[in-house]
Amino acid sequence: MKEKITGSEALMRALQAEGVKTIFGYPGGTIMPVYDALYDYTRGEKKCFDHILVRHEQGATHAAEGYARVSGDVGVALVTSGPGATNTLTGVADAMMDSTPMVVIAGQVPISALGTDFFQEVDLVGAAQPISKWSYQIRHAGDIAWAVSRAFYIARSGRPGPVVLDFPKNAQTEEVEWELCKVDFVRSYVAYPKLNHAKVSEAAELINNAKRPLALVGQGVELGNAQEELKAFLEKADIPAGRTMLGLSALPSNHPLNVGMLGMHGNYAVNLKEQECDVLIAIGMRFSDRVTGNLKTYAKQAKVIHLDIDKSEIDKNVKTDVAVVADCKESLPAITALLHEADHHEWRNSFKALDEKERTKVIEPAIHPAQGPLLMGEVVNAVAEQAPKGTVLVTDVGQNQLFATRYFKYEQKRSICTSGGLGTMGYGMPAAIGATFATDRTVCCFMGDGGFQMCIEELGTIMEQQSPVKMILMNNNYLGNVRQWQDMFWQRRKSFTRMHNPCYELIARGYGIPYEAVTERKDLAAAIHRMLTTEGPFILECAIKEDDDVLPMTPPGMNVDDMMLEV
């Protein structure tokens, strides 16, 4: 006779079977039976989970995202129904846009009460369906083992993403005969498309005949753990490579074929050269509007090869000449095997004059200003110069994100954690918390004063867990990115972008977190050293020039080669 256990106990065993180690959550009424079962699994002989009590359910999802992005495992968030569940939806949407594997488990009222406007009842499955890979209501305890295994399989396989499980209270308290279930197939869901070798040959032929090839490297390389396969591909065919924001650590910053960051605020040369290359090879990226600018004029001279695991991305924004739909861990070496050894030094050398123009006009003034207030670029650069090898960069959203991603250095895989597609302010601090549970590497989190305050309550989580997040608060007293756009495109009408900020020193003191403020350039390096050598968390507030602008910039809707080096 099989062992009978409660649904809550079954959930614990199902999570254990999936290899879950860390859960980010917040308890409440309809998830209380699960939290009671969790009590035994976080202590004593049964201990197999660490539960991190966040201060807001949105924080739980961003922490789970940070954990997933750095570890490569599925992040897990556990919350209650009603507002607890709806508070996770921003994180679910963020994870969907950025292909982050996450499972959100939310309590729900008993199925007998569904549809009665019961206290804290909300249709979570309906709300989550358009912004998740799968959303499902576990109505009975007998469905738990299957539903959890299916959820993790869908979340982590193919193009990863978030899954939402709605868990009514009756299913948590019912008894069920425990039997482990392992799902590794879902009808109509093709996680790993079969590699088409004819398309591989077509792609290789185009690359072999190219005079000016250019690779666009996206996060798909990181998600597919294909960093070494990427390097072998680029090096054999001598192809310069630009990287999307989320793909920045797929290729080390110092790799000789790295030609910079793509996109609206990326590097000058690689963006302009997209309009000159004869073969464009997109690898695990989705041709975001922030990369392409005006689609009507984007790379019209080039033959386009698109490598992606998700067929829906092919021809969605940019028409391709050859599409290789497969996991890039499989497709890259297949193409590499057919490539000729190549030498494109003349093409690569043509980037240098543009690189030097950007360095002279933008980079040097940004990271080594002669005088005046501190600049975001110099703060990021100063931290990057002292940060230990392999440091993980986490950012919030806004100017802090754009400066940080431009001027940080990436030495190993899975070293960047930022909100790309959704652009979620408030993402940085909880994501950094999650990252510290995924790695022993140093975690540096850059935030502006706006984003810092959006999830400021998670300082409580940092205080309780002593999460060693090195928080760099770049305070310019503005919603800086919006202010920049208002100055550039809205006749300098600064409508509600100036921030009246609190005393962050007092806030840090209240949470017992070491704090230091820097207002003078001469004090910056020493303060960074103290931050990086202090055990545990640290807040370093830097007083930033109020009208510091992120450049270069391709104005919204303009052509990629309209990129501006100055305002």
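Trainee: How many nonpolar, polar and charged residues does the lining of the largest cavity have?

Mentor: Two notes first: this is a predicted model, where local features need pLDDT of at least 70, side-chain atom pairs count only at pLDDT 80 or more, and totals for chains, interfaces and linings use all residues. Residues are numbered from 1 along each chain as its sequence is written, and side-chain values use heavy atoms, leaving out hydrogens and water. The largest cavity (grid points, 1 Å apart, where a 1.4 Å probe fits but cannot get out; lining residues have an atom within 4 Å of a point) is lined by Arg69, Gln219, Glu222, Leu246, Arg414 and Ile416. With Ala, Val, Leu, Ile, Met, Phe, Trp, Tyr, Cys and Pro as nonpolar, Asp, Glu, Lys and Arg as charged, and the others, Gly among them, as polar, the lining has 2 nonpolar, 1 polar and 3 charged residues.

Trainee: How much space lies in the largest cavity?

Mentor: The structure holds 2 cavities of 30 Å³ or more. A volume here is the space filled by probe spheres set on the grid points, which are joined across faces, edges and corners. For the largest cavity, that space is about 60 Å³.

Trainee: And the second largest cavity: which elements give two or more residues to its lining?

Mentor: The second largest cavity has a volume of about 40 Å³. Its lining residues are Ala14, Ala17, Glu18, Ala145, Ser149, Trp178, Leu180 and Cys181. Helices (H or I, at least four residues) and strands (E, at least two) are DSSP runs, numbered from the N terminus, and the elements giving two or more residues to this lining are α1 and α7.

Trainee: At what angle do the axes of helix α1 and helix α7 cross?

Mentor: Let's find the helices first: α1 covers residues 7-17 and α7 covers residues 144-156. Their axes are lines fitted to C-alpha atoms over the stretch in contact, with angles from 0 to 180 degrees between N-to-C directions. The two axes come within 9 Å and cross at roughly 35 degrees.

Trainee: How do the residues of the contact of α1 with α7 divide by class?

Mentor: Contact means heavy atoms within 4.5 Å. On the α1 side the contact is made by Gly7, Ala10, Leu11, Ala14 and Leu15, and on the α7 side by Ile144, Val148 and Phe152. By class, these residues are 7 nonpolar, 1 polar and no charged.

Trainee: Now the second largest pocket: which helix gives the most to its lining?

Mentor: A pocket is an open set of grid points with protein on both sides within 12 Å along at least five of seven lines, and this one has a volume of about 670 Å³. It is lined by 28 residues, of which Ser253, Asn258, Gly260, Asn267 and Arg359 lie nearest its centre. At least two lining residues each come from β11 (258-261), α15 (345-349), α16 (352-367) and α18 (399-407). With 6 residues, the element giving the most is α16.

Trainee: Is Gln491 buried or exposed?

Mentor: Gln491 sits in the loop between α22 (480-489) and α23 (504-511), and its phi is near 55 degrees, a positive value in a residue other than glycine. Buried means under 20% relative accessible area, exposed over 50%, and partly exposed in between (1.4 Å probe, protein chains only). Because its relative accessibility is 63%, Gln491 counts as exposed.

Trainee: What is the relative accessible area of Gln466?

Mentor: Gln466 lies in the loop between α21 (459-465) and β18 (469-475). Although it is not a glycine, Gln466 has a positive phi of about 50 degrees. Gln466 is partly exposed, and its relative accessible area is 41%.

Trainee: How far apart are the C-alpha atoms of Lys545 and Leu374?

Mentor: Lys545 is in the segment after β20 (538-543) and is partly exposed, with a relative accessible area of 32%. Leaving aside neighbours within four places in sequence, Lys545 is in contact with Pro373, Leu374, Leu375 and Asn476. Lys545 and Leu374 are 171 residues apart along the chain, yet their C-alpha atoms are separated by 5.9 Å.

Trainee: Which peptide bond is cis, with omega near 0 degrees?

Mentor: Look again at the segment after β20, where Pro552 has its place. The cis bond runs from Leu551 to Pro552.
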